[in-house]
Amino acid sequence: MARTLWLDEHGRLLTWDQTRLPFASVPITLTDESGCAHAIRTMQVRGAPLIGAVGAYGLALAARVDASDAGLRAAHARLLATRPTAVNLRWALDRLLAAVLPKAPADRAACAWAECARLCDEDAACNAAIGRHAADRLRPLARPGRPLQVLTHCNAGAIATVEHGTALAGLFALAAAGAALHVWVDETRPRNQGASLTAWELKSAGVPHTVIADNAAGLLMRQGQVDAVIVGCDRVAANGDVANKIGTYGKALAAGDNGVPFFVACPVSTIDADCPDGAAIPIELRDPREVTHVRGRGPDGRVVEVQLTPDGVAALNPAFDVTPARWVSALVTEHGSVDATAPAIAALLARAAGARS
Ligand code: MRU
């Protein structure tokens with residue numbers, strides 16, 4: 001699988017402009033800290049692990065300009081302010097600072113660049129492991145005589161990470177192993193990451209799928225047409241509450257009401273041990289225009305934005321919601337799947353720390 005973030009032959013950092021997908025695959029070059037910050041803020045790059053990786057490179061590029069303690073701390077604060085909910089951004093920026101501050105200023109830029117490469121390699125390996133564990137949880141849920149029916153919300157695919165994805169990594173792994181599989185893809189209003197990005201990734205990988213309106217998921221679960229739900233995640237609190245794309249909570253409730261397992265796939269770096277519960281997770285409020293308008297391709301092939309609502313109506317646009325831990329069947333991480341409970345999460349973090357040392 002190709003990487004979402006890569007270096008060209010001149011050592012320049014490139015990624016896809018996700019605001020142009022699925023209609024055009026347009027690479028963008030990230031040359032400085034402000035370019036990385038802009039890409040995160042405008043969602044040219046998105047998805048918790050990818051935001052972390054691009055934030056880290058932003059700090060490494062800042063170190064080429066000013067590698068002083070004060071300069072690096074200021075760049076860390078600017079990059080951290082770009083998007084508030086996904087904790088992977090803070091995790092990656094903290095990791096970079098911790099790696100470079102002990103070095104002499106002259107060595108810091110090179111050290112930061114090398115640390116970014118390690119972080120990206122680890123993200124790819126992590127997600128491959130998540131994919132294997134997720135496939136193991138999903139495979140036995142297939143009912144006789146039909147493909148495994150999995151529903152997903154938003155986009156937790158390869159393009160939301162450095163490589164492989166998290167929730168979709170499990171689906172890619174199942175498909176690669178020849179499992180009969182069909183994916184229900186929530187459109188994921190207001191930005192439609194499901195309809196545009198998840199459908200694009202599944203189509204490219206040849207995984208059978210059907211896009212549904214967000215409001216259809218509950219009905220499908222009641223009809224027995226969903227064997228499992230798997231989503232990605234932007235932050236797991238210490239008690240197992242999870243923040244993910246707005247609308248996730250409703251899917252978890254419907255899954256719980258219908259006895260459908262609800263899995264949350266995430267690397268350990270998405271767990272915020274300092275965050276006691278979901279109420280402490282900051283929820284990003286985005287431009288109401290994302291609710292009142294929608295973007296799509298017109299009959300002449302041009303991508304246009306059209307207005308849905310009457311002129312001047314009020315709109316509110318929270319980008320994430322919190323699903324209480326009691327609705328989560330398991331967190332599927334690179335170290336295997338665990339219950340979404342405080343003791344299980346504490347034990348997982350201890351195991352992960354042990355594996356690192
Ligand atoms: O606002 P976005 O598109 O960055 O939100 C993305 C999600 O909510 C994903 O589910 C999450 O970041 C996990 S990505 C592997």
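Visitor: Which of the 19 residues around the ligand come nearest?
Guide: This is a predicted model, and in it Arg46, Arg83, Asp234, Asn244 and Lys245 come nearest among the 19 residues around the ligand.

Visitor: How far is the side chain of Lys245 from the ligand, counting N or O atoms?
Guide: An N or O atom in the side chain of Lys245 is 2.7 Å from an oxygen atom of the ligand, and for the side chain of Gln193 the corresponding distance to a ligand oxygen atom is 2.9 Å. Gly47 takes part through its backbone, where an N or O atom lies 3.0 Å from an oxygen atom of the ligand.

Visitor: Where does the ligand sit, then?
Guide: The ligand sits in the largest cavity, and the elements that give two or more residues to the shell around it are helix H2 (48-65) and strand S9 (242-245).

Visitor: Which domains does the shell draw on?
Guide: At least three residues of the shell come from each of domain 1 (5-125) and domain 2 (128-356).

Visitor: Changing topic to the backbone: which peptide bond ending at Pro22 is cis?
Guide: That is the bond from Leu21 to Pro22, with omega near 5°, and Pro22 itself lies in the loop between strand S2 (13-16) and strand S3 (27-30). The bond from Arg189 to Pro190 is also cis, with omega near 5°, and Pro190 is found in the loop that runs between strand S5 (181-186) and helix H7 (193-205).

Visitor: What about Cys154, is its phi positive or negative?
Guide: Phi of Cys154 is positive, near 65°, and the residue is placed in the loop between strand S4 (148-152) and helix H6 (167-176).

Visitor: Why point out such angles and bonds?
Guide: Because most residues other than glycine have a negative phi, and most peptide bonds are trans.

Technical notes
Residues are numbered from 1 along each chain as its sequence is written. This is a predicted model: local features need pLDDT of at least 70, side-chain atom pairs count only at pLDDT 80 or more; totals for chains, interfaces and linings use all residues. Side-chain values use heavy atoms; hydrogens and water are left out. A residue is near a molecule or strand if one of its heavy atoms lies within 4 Å of it. A polar contact is a pair of N or O atoms within 3.5 Å; within protein, one must be able to donate a hydrogen and the other to accept it, and residues adjacent in sequence count only if both atoms are side-chain atoms. On a 1 Å grid over the protein atoms alone, a cavity is a set of points where a 1.4 Å probe fits but cannot get out, and a pocket is an open set with protein on both sides within 12 Å along at least five of seven lines; lining residues have an atom within 4 Å of a point. A molecule sits in a cavity or pocket if more than half of its atoms lie within 2 Å of its grid points. Helices (H or I, at least four residues) and strands (E, at least two) are DSSP runs, numbered from the N terminus. Domain bounds come from an automatic or database domain assignment.
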